[in-house]
Amino acid sequence: MSAERPAPERPEPAPDETSVLKNAVSLLGAFGPPLTLATALLVYFGWARSYVQARELGIDESVLGMSTQDYVLRSVDTLYAPMIILAVLGLGWLLAHERVVRTIQVRPDSPWLRQVFAILRLSWFALPLLGLLAWAGWPGWGELIAPLTFAAGVVLTGYAVAVRRRLAVATGEEGVPRTLARWHGPTVKLLAGTVVAVALFWELWLFAGVVGRGLAAQVVATLDQRTGVVVYSAKDLQIAAPGVAVTRFRQDDSAYGYRYEGLRLLQASGGKYFLLPAAWSKADGIVVVLRDTDSLRLEFTRS
């Protein structure tokens, strides 16, 4: 009876053409599916934009009573351009990745490829440093660029490290482990994903501040062009604000006893109407809040 021969050891497979890109892209999904993260970002941006706009108009955002759907809908119209830019950059990255994969297959010892990705490995430090310098030199635009440099730096570094490891395996470079500890990959993804997620929320907060302040300034500048509101009420609402005219009906058969004119619609949400007097000013103006009840009738007119 012959002794059994031990099975020959199988060499560790080299990473396939898509593993490098998957490793880099997976950093973005460290906190859950991309759709979940995108929804959270939309809700956060909608809330931040409404918070800044309400603060600029002198009211607290919490009284608006906006729902999650309201926040998402108020985010989409503002984020069209950033989403298109992000999609274009993603397509450019995919095209560049195809070129990198072909080069690795044909010339894995290409010196320029090694040099490029050796430099890109420093993105985690170099890009944020440039972003902070831009913020210090140009406070306006630099403030918006800085958070993006943190996210881009981490993603580019992860991609560069994965490509460099693939090049080392393809050329048989010594000292490069073919496999890593099981805890290594999840830990790197968690830490890098944390940086990317925080940077994205930071960016949305700053961008929402710019948009919110712009919308508040637009409300002030175009107050006379906003939708006019005439309020009929069964009881005296005691609206005393500059530019608001009150008419009292003394007919016994009238369903409403008071009419208020000279109001402009700011927003309708949470079963409430938020109205501004026609002579509203940011310095001493008030915001009239009316609940949608049967004792009120609102007429909306073109200003």
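## Briefing: helices first, strands after

The end C-alpha atoms of residues 79-96 lie 26 Å apart, and this span is 94% helix and 0% strand. Helices here are DSSP runs of H or I with at least four residues, strands are runs of E with at least two, and both are numbered from the N terminus. The model is predicted, so local features need pLDDT of at least 70 and side-chain atom pairs count only at pLDDT 80 or more, while totals for chains, interfaces and linings use all residues. Residues are numbered from 1 along each chain as its sequence is written, and side-chain values use heavy atoms, with hydrogens and water left out.

**The whole chain**

- The protein chain has eight helices and six strands.
- Along the sequence, the pattern reads α-α-α-α-α-α-α-α-β-β-β-β-β-β.
- Of the 303 residues in the protein chain, 34% are buried. Buried means under 20% relative accessible area, exposed means over 50%, and partly exposed is in between (1.4 Å probe, protein chains only).
- Take the contacts in the protein chain with a separation of 6 or more: residues 24 or more positions apart account for 70% of them. Contact means heavy atoms within 4.5 Å.

**Transmembrane regions in the record**

- An unreviewed UniProt entry places the feature "transmembrane region" at residues 27-47, 79-96, 116-138, 144-162 and 188-208. UniProt positions follow the numbering used here, feature names are shortened, and annotations may be inferred rather than shown by experiment.
- Residues 188-208 form a span that is 100% helix and 0% strand. The end C-alpha atoms of that span lie 30 Å apart.

**Helices α6 and α7**

- Helix α6 covers residues 123-137 and helix α7 covers residues 139-171. Their axes come within 7 Å and cross at roughly 180°. Axes are lines fitted to C-alpha atoms, for helices over the stretch in contact, and angles run from 0 to 180 degrees between N-to-C directions.
- That angle makes α6 roughly antiparallel to α7. Angles under 35 degrees count as roughly parallel, over 145 as roughly antiparallel, 65 to 115 as roughly perpendicular and the rest as oblique.
- Residues of α6 in the contact include Trp-124, Leu-127 and Trp-135. Those of α7 include Phe-150, Val-154 and Leu-156.
- By class, the contact of α6 with α7 has 13 nonpolar, seven polar and one charged residues. Ala, Val, Leu, Ile, Met, Phe, Trp, Tyr, Cys and Pro count as nonpolar, Asp, Glu, Lys and Arg as charged, and the others, Gly among them, as polar.

**Helices α4 and α5**

- Helix α4 (residues 80-106) and helix α5 (residues 111-120) pack at an angle of about 135°, with their axes 10 Å apart.
- That makes α4 oblique to α5.
- α4 passes α5 in a left-handed crossing. Left-handed means that the near helix is turned anticlockwise from the far one by less than a right angle, and right-handed means clockwise.
- Val-100, Thr-103 and Ile-104 of α4 meet Trp-112, Leu-113 and Phe-117 of α5.
- This contact of α4 with α5 has five nonpolar, one polar and no charged residues.

**Helices α5 and α7**

- The axes of α5 and α7 come within 8 Å and cross at roughly 145°. The crossing is left-handed.
- Leu-113, Arg-114 and Phe-117 are among the α5 residues in the contact. Leu-156, Tyr-159 and Arg-164 are among those of α7.
- The contact of α5 with α7 has nine nonpolar, two polar and two charged residues.

**Residues to find**

- Leu-156 sits in helix α7. It is partly exposed, with a relative accessible area of 27%. Not counting residues up to four places away in sequence, Leu-156 touches Leu-120, Ser-123 and Leu-127.
- Phe-201 lies in helix α8 (residues 184-221). At 25% relative accessibility, Phe-201 is partly exposed. Phe-201 and Leu-41 are 160 residues apart in sequence, but 6.9 Å apart in space, C-alpha to C-alpha.
- Ser-233 belongs to strand β1 (residues 228-233). It is buried, with a relative accessible area of 2%. Beyond its neighbours within four places in sequence, Ser-233 contacts residues including Tyr-256, Tyr-258 and Leu-296.
- Gln-238 lies in the loop between β1 and β2 (245-248). At 66% relative accessibility, Gln-238 is exposed. Most residues other than glycine have a negative phi. Gln-238 is not a glycine, yet has a positive phi of about 55°.
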